[in-house]
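This report walks through one structure, helix by helix. Please look at the sequence and the model first.

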Amino acid sequence: MDDMNEYIDATRDLLMSKGWAYIVEELEELVDMRSDVRGIASIEDLYLHKGMVMVAQGLLDLQRDIESIEQERMEEEGVH
């Protein structure tokens, strides 16, 4: 099994765990809280909030990303 297959399998295991479900809830709450810019007092705070949201959203997109990788790999294997 190559490294990419190991990565996909390990990530799938993570995404199906109960702990991941809890993390997703926390990340979604963080995105909701940090997306409201009305209470931000400075440009530094704005960038901090933006960074937090970007990191959280990147983690929330992990399942979609893994599905895309799997789809690409299946298409490549089907071509050969």
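At roughly what angle do the axes of helix H2 and helix H3 cross, and within what distance do they come? The axes of H2 (residues 18-34) and H3 (residues 43-60) cross at roughly 150° and come within 9 Å.

## Basis of the report

This is a predicted model, in which local features need pLDDT of at least 70 and side-chain atom pairs count only at pLDDT 80 or more, while totals for chains, interfaces and linings use all residues. Residues are numbered from 1 along each chain as its sequence is written, and side-chain values use heavy atoms, with hydrogens and water left out.

Helices are DSSP runs (H or I, at least four residues), numbered from the N terminus. Buried means under 20% relative accessible area and exposed means over 50%, with partly exposed in between (1.4 Å probe, protein chains only). Contact means heavy atoms within 4.5 Å.

## Helix H1

Helix H1 covers residues 3-15. Its 13 residues should span 18 Å at 1.5 Å a residue, and its end C-alpha atoms are 18 Å apart, which agrees. The expected span is 1.5 Å times one less than the number of residues.

The buried residues of H1 are Ile-8, Thr-11 and Leu-15. They cover an arc of only 70° around the axis, so they are on the same side of H1; the arc is that of the directions from the helix axis to the C-beta atoms. An α-helix has 3.6 residues a turn, so residues three or four places apart point the same way. The face turned away from the buried side of H1 carries the exposed residues Asp-3 and Asp-13.

Thr-11, which has its place in H1, counts as buried because its relative accessibility is 7%. Leaving aside neighbours within four places in sequence, Thr-11 is in contact with Leu-62 and Ile-66.

## Helix H2 against helix H3

Two packed helices are described by the angle between their axes and the distance between the axes. Here the axes are lines fitted to C-alpha atoms, for helices over the stretch in contact, and angles run from 0 to 180 degrees between N-to-C directions. H2 passes H3 in a left-handed crossing, meaning that the near helix is turned anticlockwise from the far one by less than a right angle.

On the H2 side, the residues that meet H3 are Trp-20, Val-24, Leu-27, Glu-28, Leu-30, Val-31 and Arg-34. Their partners in H3 are His-49, Met-52, Val-53, Ala-56, Gln-57, Leu-59 and Leu-60. The residues of this contact divide into 10 nonpolar, 2 polar and 2 charged. Ala, Val, Leu, Ile, Met, Phe, Trp, Tyr, Cys and Pro count as nonpolar, Asp, Glu, Lys and Arg as charged, and the others, Gly among them, as polar.

H3 has 18 residues and reaches 25 Å from its first C-alpha to its last, close to the 26 Å expected at 1.5 Å a residue. His-49, Val-53 and Ala-56 are buried in H3. They cover an arc of only 70° around the axis, which puts them on the same side of H3. The buried residues of H3 pack against H2. On the other side of H3, Glu-44, Tyr-47, Met-54 and Val-55 are exposed.

Which residues does Val-53 contact, leaving aside its neighbours within four places in sequence? Val-53 is in contact with Val-31, Arg-34 and Ser-35, and it is buried, with a relative accessible area of 19%. His-49 is buried at 14% and touches Arg-34 and Ile-40, not counting residues up to four places away in sequence. The C-alpha atoms of His-49 and Leu-30, 19 residues apart along the chain, are separated by 9.6 Å.

Definitions and conventions: Helices (H or I, at least four residues) and strands (E, at least two) are DSSP runs, numbered from the N terminus.
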